Amino acid sequence: MKNRLRVLRAEREWSQADLAERLEVSRQSVNAIETGKYDPSLPLAFKLARLFETTIEAIFSDEK
Amino acid sequence: MECTTNNPAARRYYRRLLVTLLLYAASLAVAIVVFIHFRPTGVLAYALAVLPALPLIGMLAVFGLYLDEEKDEFQRFIGVQAMLWGIGGTLVVTTIWGFLESFVHLRHLDPILVFPIFWVSMGISIPILLARYK
């Protein structure tokens, strides 16, 4: 699944470790989600959306 | 699963794992000493023979607890995948070994080795899995 995490993170000048700390997950997890290799669960997707003050659809898209 | 110690669930896992390993070493030592010096029979012999297996079974429970307590869903995912690889690796090794035993009379695989084969297969899979999701 494609996502805009890298862009959203860059806008806030957060490193992967910064985002991981805010999400209470490991940096590996953030990297796996950001690179599209791991799709987060709905609760984690909601957490991301709340953190970036946007909607899940604005972060993730199911286009190939 | 994460190998660093800044994860509370992983820290608890490694602590509990150490306890099970120490219990295993102690129970194995007790079983060996009692069998050599007292030659127990009947129910006591069976109970003592099974004793060292209990901490090893506990290792599975400890890993189950880790999966239950781990808040990071990606790490849980890696843990479950590693367990599946562990089971798969064990089935592959024991199946191939079984046929080798049947057809080319390879030395009999002691069932006591099945458990280490599982953990080794699982251990090998973790860095591979983590590299896959890098």
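This is a predicted model: local features need pLDDT of at least 70, side-chain atom pairs count only at pLDDT 80 or more; totals for chains, interfaces and linings use all residues.
Leaving aside its neighbours within four places in sequence, Ser29(A) is in contact with Ala20(A) in its own chain and with Asp72(B), Phe74(B) and Gln75(B) in chain B. The C-alpha atoms of Ser29(A) and Gln16(A) are separated by 9.3 Å, and these two residues stand 13 residues apart along the chain.

Helix H2 (residues 16-23) of chain A packs with H3(A) at an angle of about 105 degrees, and their axes are 8 Å apart. Angles of 65 to 115 degrees count as roughly perpendicular, so H2(A) and H3(A) are described as roughly perpendicular to each other. On the side of H2(A), the contact is made by Gln16(A), Ala17(A), Leu19(A), Ala20(A) and Leu23(A), while H3(A) brings in Arg27(A), Ser29(A), Val30(A) and Asn31(A). By class, the residues of this contact between H2(A) and H3(A) divide into five nonpolar, three polar and one charged.

Stepping back to the whole of chain A, one finds five helices and two strands, which follow the pattern β-α-α-α-α-α-β when read along the sequence. The radius of gyration of chain A is 10 Å, close to the 11 Å that the globule rule gives for 64 residues, so chain A is as compact as a globular protein of that length. Taken along the principal axes, the C-alpha atoms of chain A fill a box of roughly 25 × 20 × 20 Å. Of the 64 residues of this chain, 22% count as buried, and among its contacts between residues at least 6 apart in sequence, 51% join residues at least 24 apart.

Chain B has five helices and zero strands, and from the N terminus on its elements run α-α-α-α-α. Its radius of gyration is 18 Å, well over the 14 Å that the globule rule gives for 134 residues, so chain B is more spread out than a compact globule. The box filled by the C-alpha atoms of chain B, taken along the principal axes, is roughly 55 × 40 × 20 Å. Of the 134 residues of chain B, 16% count as buried, and among the contacts in chain B between residues at least 6 apart in sequence, 69% join residues at least 24 apart.

The domain assignment of chain B gives domain 1 (1-71) and domain 2 (72-134), and the C-alpha centres of these two domains lie 19 Å apart. Seven residues of domain 1 of chain B are in contact with nine residues of domain 2 of chain B. The side of domain 1 that touches domain 2 divides into four nonpolar, no polar and three charged residues.

A helix pair can also be followed in chain B, where helix H1 (residues 8-38) and helix H3 (residues 53-69) pack at an angle of about 175 degrees, with their axes 9 Å apart. Angles over 145 degrees count as roughly antiparallel, and H1(B) and H3(B) are therefore roughly antiparallel to each other. The residues that make the contact include Tyr13(B), Leu17(B) and Tyr24(B) of H1(B), and Met59(B), Val62(B) and Tyr66(B) of H3(B). Taken by class, the contact of H1(B) with H3(B) has 12 nonpolar, three polar and three charged residues.

The last stop is Arg107(B), which lies in the loop between helix H4 (73-104) and helix H5 (114-132) of chain B. Arg107(B) and Trp97(B) are 10 residues apart in sequence, and their C-alpha atoms are 9.0 Å apart in space.

Terms used
Residues are numbered from 1 along each chain as its sequence is written. Chains are lettered from A and ligands numbered from 1 in the order in which they are written. Domain bounds come from an automatic or database domain assignment. Two residues are in contact if their C-beta atoms, placed from the backbone, lie within 7 Å. Ala, Val, Leu, Ile, Met, Phe, Trp, Tyr, Cys and Pro count as nonpolar, Asp, Glu, Lys and Arg as charged, and the others, Gly among them, as polar. Helices (H or I, at least four residues) and strands (E, at least two) are DSSP runs, numbered from the N terminus. The radius of gyration is taken over C-alpha atoms; the globule rule is 2.2 Å times the number of residues to the power 0.38. A residue is buried if 20 or more other C-beta atoms lie within 10 Å of its own, exposed if 12 or fewer, and partly exposed in between; C-beta atoms are placed from the backbone. Axes are lines fitted to C-alpha atoms, for helices over the stretch in contact, and angles run from 0 to 180 degrees between N-to-C directions. Angles under 35 degrees count as roughly parallel, over 145 as roughly antiparallel, 65 to 115 as roughly perpendicular and the rest as oblique.
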